[in-house]
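User: I am new to reading protein models. Can we go through this one step by step?

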Amino acid sequence: MLILALETSTELGSCALWRDGELSERICPPGRSHSETLLPLVRDLLAEAGVAVAQLDAIAFGVGPGAFTGLRVACGAAQGLAVASDIPLLPLTSLEAMAAATGAEQVLALLDARMGEVYAGAYRRAADGYVLQGEIRVCAPVDVQIPAESGWLACGNAPAAYPLLAQRLAEAGLAVRSDILPTAAVLAQLAVPRLLRGEGIDAALAAPLYVRDKVAKTVAERLSEGGRA
């Protein structure tokens, strides 16, 4: 089984190749746009593995939520690679990838959405992935819903970005893995059972998951809501 995975929803862009249980990954160099670096890395990754795009069984991509430009890069690249060879796409959320990266049983994934807001999703571990509890939300740090029961782990870069959120998590007794961001290697692993279940979609149907309807706010709006200018 050959699965290519693309993840560019945060500043940590990456691509990975799953080959019958073996993973190889490339990280986008910092300081350069993902639109500039992702496809060259994909070409190098496939060439080193001796794999042609037409041989892929599926392409997984980080559908979001995350940085709007980054989401379009991964989605567009996945579509472009898939169309010519009629390869199914597997859209996977950045928050589930974060939850899976921790390996914990119950995870509150928290990604900085900028504009004074947080993308939040609560996940429970299942046999072959992580199941979203409720829905993915975008909200102010003060409005993040923190599970009341014990045994939850928080992860992501939002607590470091918003001290109020970090304080709320500490008061609720949740440990925080602030080093966790979504990666293509984790996406590839999550994609395997989905491909086996036949959950791939046609490239024409792929679209980023933005969550937030309003993609821009003025400086005054952000500051009035306790965000950063």
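## Fold, packing and cores

Analyst: Among contacts (heavy atoms within 4.5 Å) in the protein chain between residues at least 6 apart in sequence, 66% join residues at least 24 apart. This is a predicted model: local features need pLDDT of at least 70, side-chain atom pairs count only at pLDDT 80 or more, and totals for chains, interfaces and linings use all residues. Residues are numbered from 1 along each chain as its sequence is written, and side-chain values use heavy atoms, leaving out hydrogens and water.

User: How many helices and strands does the protein chain have?

Analyst: Helices (H or I, at least four residues) and strands (E, at least two) are DSSP runs, numbered from the N terminus. On that basis, the chain has seven helices and 10 strands.

User: What share of the 229 residues is buried?

Analyst: Buried means under 20% relative accessible area, with a 1.4 Å probe and protein chains only. Of the 229 residues in the protein chain, the buried share is 52%.

User: Which residues touch the most other members of the largest nonpolar core?

Analyst: A nonpolar core is a set of buried Ala, Val, Leu, Ile, Met, Phe, Trp, Tyr and Cys residues joined through side-chain atoms within 4.5 Å. The largest one has 28 residues. Those touching the most other members are Leu4, Leu6, Leu56, Ile59 and Phe61.

User: Which element gives this core its largest share?

Analyst: Elements giving two or more residues include β1 (2–7), β4 (58–64) and α2 (68–85). The largest share is seven residues, and it comes from α2.

Note on methods:
Buried means under 20% relative accessible area, exposed over 50%, partly exposed in between (1.4 Å probe, protein chains only).
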